[in-house]
Amino acid sequence: MMYRVDGRANVVTSALGPVTNVVAVDDHTVRFETTAPYPIITQKLKFLKILSAEAAGVEDDITFDQDGDCGIVDAYPSQADFDAGSAAIGTGPYIYESFQSTGDANLVRNENYWGELPEWDRVEIRSVPNNGARIAGLLAGDYDIVERPSAEDLQLIERDDNFDYSTVPGLQTIFLVLDTSADGAAGVSAADGSNPLADVRVRQALSMAIDRNAITERLFAGNATPANQFAPSYMPGAPVMPDLVTDLDQAKALLAEAGYADGFALELNVPADRYTNGPLVAQAITQYWTRLGVDVTLRTEPWSVFQTRRTGGEMGVFMYGWGHPQGAAQLISGAFAQRNDDLGLGAANFSNYNSPAFEEAMQAWAVEVDPARSQELVAEAMKTAVADMPGIPLFYNHELWAHRADIELVGGAEGRTVATMARSK
C-alpha cells in the first residue's frame, strides 16, 4: 500500500495519515491500525481506487509503509497503461474499450455481468469543456446527455419538447477562502499596511454584502441553494442554522468599526473553467464588494494555473468548491482546522485560521465514535466557523443534466455521470 511517491503526497495522504499499519489477517480480513480512534476511516477508504498487487504483476509480499517502501519498485502501472486498458480491471456492467487522454472513452455492455444487464449496449463519453459546444451538440443530436447546462441553456431546453433536464441538490459547497493571517494576505492591501481580513468584522462585512438569493435565482434560475454554512444544509448530519444576513448598511458599519471606513483593496481569484457560472458569480461578488467600498480586482484563469498559484500561497481571496461525500464536517475539517496528520485534519488550511474553540471541537470530533456526540461536535465547530468567517459560504451546487426528452435520468447528489442512471422512458 502506497502513501507517498517521490516524497509527494498523493490521493491517499489524508485518508491514511493516522494509519500506522495495515495487516492482512486472513484472505478476507484486513486490519487498519491507527494512532488514535479514527471513526471516519471507512468513509475515507470507500473513495480510494485499489489495484491488487497480483494484477500489477507483483509476486513478492508487500507491506504497508508510509514512505512508499512497500516492496513494490517498478510494478506500479503508468497512466499510459491505464489509458491503453492493459491495467484495467473490474467486474462492472460495462467493458472498457478505449480511452483518450482528453477523457474520451468508449464502453460496451458486459454480457457476463453478474447483475442485471444495463439497457445500453454501447456508451460513448466525450469531454467537451466548452458549455456552449456541449449544449449545441445536444440540440444537434450529437449527444444524448450533457452535464451542467447553464441557466440560459435551460431556457432553450424548456422551449423544445424534444429535450428535458434533470436536477438534484448536490453535495458541493461553493465558498470563498479568506487568508486571515495577521502577517498579510497575498493581493490584499490597506492604507495602514495591515491585513483587513485578519479582523473578523471585515470578514463578516464581506459576507453581509453578498446577496446569495439573487445569485442563485438570477444566475442559476433556482438550481442552486443559498448557503448558510459550509456543508449543504440539507445533507444528513448538517446542523440547523439560520440564513446568512444580507445587509449592506450593517456591512458598512462593521467595516468602519474595524477601521476601514475608506475601504481597502483585494484581488479575487476564480478558476475560469471549474465551477458552473463561476466567473459570473465572481462578477456579482465584485459588484457587491465595490458597493461596500472595497476596491476589487477580479482575476480569472485556467484551473491548472489557478491550482498552482493556490498551492503556492499566492492568493489571499479565492473561490473554491468542496464536496461532502464523507460527511458534513468534510470541508471544515480540511480547510479550517490546523494541520494534524495523526487525526487527518487541516490538509488544505489556506485561510491560516486558528481558533481554540474550533480546534477543540474538531479534534474531539476526529476521535469520537458515538454518532450523536459526533454530530454535536460538528455543530459546535460549524457555528464557530460561520461566526468567524475564515471563508464565506456562497451556495450549494445542484447537479444538472440536459438530455433527450425520451430519456429518464435519475442523478446522484455526488454529481457523477454514469450510463446506468439513464434509461428509456
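## Basis of the model

Because the model is predicted, local features need pLDDT of at least 70 and side-chain atom pairs count only at pLDDT 80 or more, whereas totals for chains, interfaces and linings use all residues. Residues are numbered from 1 along each chain as its sequence is written, and side-chain values use heavy atoms, with hydrogens and water left out.

## Salt bridges

The structure holds 16 salt bridges, a salt bridge being a side-chain nitrogen of Lys or Arg within 4 Å of a carboxyl oxygen of Asp or Glu. One of them joins Arg309 to Glu267, at 3.5 Å from N to O. Since Arg309 lies in helix H10 (residues 303-311) and Glu267 in strand S12, this pair ties together parts that are 42 residues apart in sequence; helices (H or I, at least four residues) and strands (E, at least two) are DSSP runs, numbered from the N terminus. Arg309 also forms a salt bridge with Glu301, where the closest N and O atoms are 2.5 Å apart. Salt bridges with shared partners connect Glu267, Arg299, Glu301, Arg309 and Glu314 into one network.

Another salt bridge pairs Glu111 with Arg109, the closest N and O atoms being 3.1 Å apart; here Glu111 is partly exposed at 49%, and Arg109 is partly exposed at 22%.

## Charges without a salt bridge

Glu359, placed in helix H12 (residues 356-367), is buried yet has no salt bridge, and the nearest side chain of opposite charge, Arg339, is 12 Å away. For this comparison Lys and Arg count as positive and Asp and Glu as negative, while His and the chain ends are not counted. Apart from neighbours within four places in sequence, Glu359 is in contact (heavy atoms within 4.5 Å) with Phe336, Ala337, Gln338 and Asn354.

On the surface, Glu54, Glu59, Asp60 and Asp61 gather in a patch of negative charge. Patches are made of residues with over 30% relative accessible area and no salt bridge, like charges being joined within 9 Å and nonpolar side chains (Val, Leu, Ile, Met, Phe, Trp, Tyr) within 5 Å. Glu54 sits in the loop between helix H2 (41-45) and helix H3 (79-84), and Glu54 counts as exposed because its relative accessibility is 70%.

Ala385 belongs to helix H13 (residues 371-388) and is buried, with a relative accessible area of 0%. When neighbours within four places in sequence are set aside, Ala385 is in contact with Phe230, Phe336, Tyr353, Phe358 and Pro390.

## Positive phi angles

Most residues other than glycine have a negative phi. Ala221, although not a glycine, has a positive phi of about 55°; Ala221 is found in the loop between helix H7 (212-219) and strand S11 (224-226) and is partly exposed at 46% relative accessibility. Asn277, also not a glycine, has a positive phi of about 60°. Asn277 is located in the loop between strand S12 (265-271) and helix H9 (278-292), and Asn277 is buried, with a relative accessible area of 12%.

How values were computed:
Accessible areas come from the Shrake-Rupley method with a 1.4 Å probe; for residues, only the protein chains shown count as cover. The place of a charge is taken as NZ of Lys, CZ of Arg, CG of Asp or CD of Glu. Buried means under 20% relative accessible area, exposed over 50%, partly exposed in between (1.4 Å probe, protein chains only).
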